Amino acid sequence: MKQLLLDIQPSALPSLDNFVPGRNAEALHSLRAALEGQSAQRFIYLWGETGSGKSHLLHACNRAGEALGVHVICADDVHLLSNEEQIALFDSYNHLRAGEGVLVAAGIAAPTAMQLREDLATRLAWGLSYQLHPLSDEEKALALRQHAAARGMRLPDEVLDYCLRHLRRDLPTLVSTLDALDEWSLSYKRPVTLPLLRQLLSLS
C-alpha cells in the first residue's frame, strides 16, 4: 500500500481563500480589508472555542502579510501568555499603532473576560473583536461536497455521513481524508465507497 495515502495530513497550508467561513464571514471580510489596506481598523481580536478556526486565520494572515508586503503581528492563545509576553505584546500594539502594520490576536474568550493584564486587555478590546463559531455539520458537509466536486470526485452520501460521524471533526482532517481516499481510488481504479474508506482507515 502506498504510505503516502495512509499519512493523512492537511493537504493545503492555511489561507484566507481556503477558510470556510460559515457564520464567520464578517470576521474574514475584516481581516482581508485590514491586510489589503482597505480599512482603518488594523487591530483585530478573534475568540472562540477550539476548532472554530482561530489558528487557521492567524496562519493565513501571516502568509497573506508576507505576500502583500504588510507587517503583520499574530498572537495566538493570548490567555496562555506569561506576564513578560503580555508586556511584549502590549509594546508591539503601541508600536504598530504609532506606525504601520496589522495585529491579529486570538484567545478563548473576549479580552476583558480573561486574566490578562488590564492594559493589554484594554488595547485588544479597542479594535475589532469577533467571536468565531465552529462550522455546523451541514456547513462541513457543504464544504466537503464542494471540495470533492473541485477534485472531480464522486462522493456518496454514506461516505460523507460516515466521515462526519466517526472521524475527527476538524475540517482539515476531513478534507485530507477525502483527498487520500480519492487518490487511493484512482490509484487502484476502484470507486469511492464506504467499504473502501473503512479499508483505508484500518491501515492508517
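Predicted model: local features only at pLDDT ≥ 70, side-chain atom pairs only at ≥ 80, totals over all residues.
The model contains an open sheet of four strands, arranged in the order β2-β3-β1-β4 with parallel pairing. Strands β2 (72–75) and β4 (128–131) lie at the edges, each pairing on one side only, and the twist from one strand to the next averages 15 degrees. Helix α4 (residues 83–98) packs on this sheet, where it touches β1, β2 and β3 (102–107), and its direction makes about 150 degrees with that of β3. Strand β1 (residues 43–47) runs parallel to β4 and is joined to it by four bridges; in β4, Gln-131 is the bridge partner of Trp-47. In general, the strands of a sheet pair through backbone hydrogen bonds, in either a parallel or an antiparallel manner.

The largest nonpolar core comprises 25 residues, of which Leu-144, Met-153, Leu-155, Val-159, Cys-163, Leu-181 and Leu-197 touch the most other members. Helices α6 (137–150), α7 (157–166), α8 and α9 (194–203) each supply at least two residues of this core, and the largest share, seven residues, comes from α8. A second, separate core of 20 residues includes Leu-35, Leu-57, Leu-58 and Ala-60.

When neighbours within four places in sequence are left aside, Cys-163 is in contact with Leu-174, Leu-178 and Leu-197.

Helix α8 (residues 171–187) is likewise mostly covered, with 13 of its 17 residues buried.

Two aromatic pairs are present in the structure. One of them is formed by Trp-184 and Tyr-188, which are arranged edge-to-face, with 6.0 Å from centre to centre and 90 degrees between the planes. Regarding the accessibility of these two residues, Trp-184 has a relative accessible area of 3% and is therefore buried, the limit for this class being under 20%, whereas Tyr-188, at 37% relative accessibility, counts as partly exposed.

Terms used: Residues numbered from 1 in each chain as written. Heavy atoms only, no water. Buried < 20%, exposed > 50% of the residue type's maximum accessible area, 1.4 Å probe, protein only. Phe/Tyr/Trp six-rings, centres within 6.5 Å; stacked < 30°, edge-to-face > 60°. Core = buried A, V, L, I, M, F, W, Y, C linked by side-chain atoms within 4.5 Å. Contact = heavy atoms within 4.5 Å. Pairing = 2+ DSSP bridges. Axes fitted to C-alpha atoms, helices over the stretch in contact; angles between N-to-C directions.
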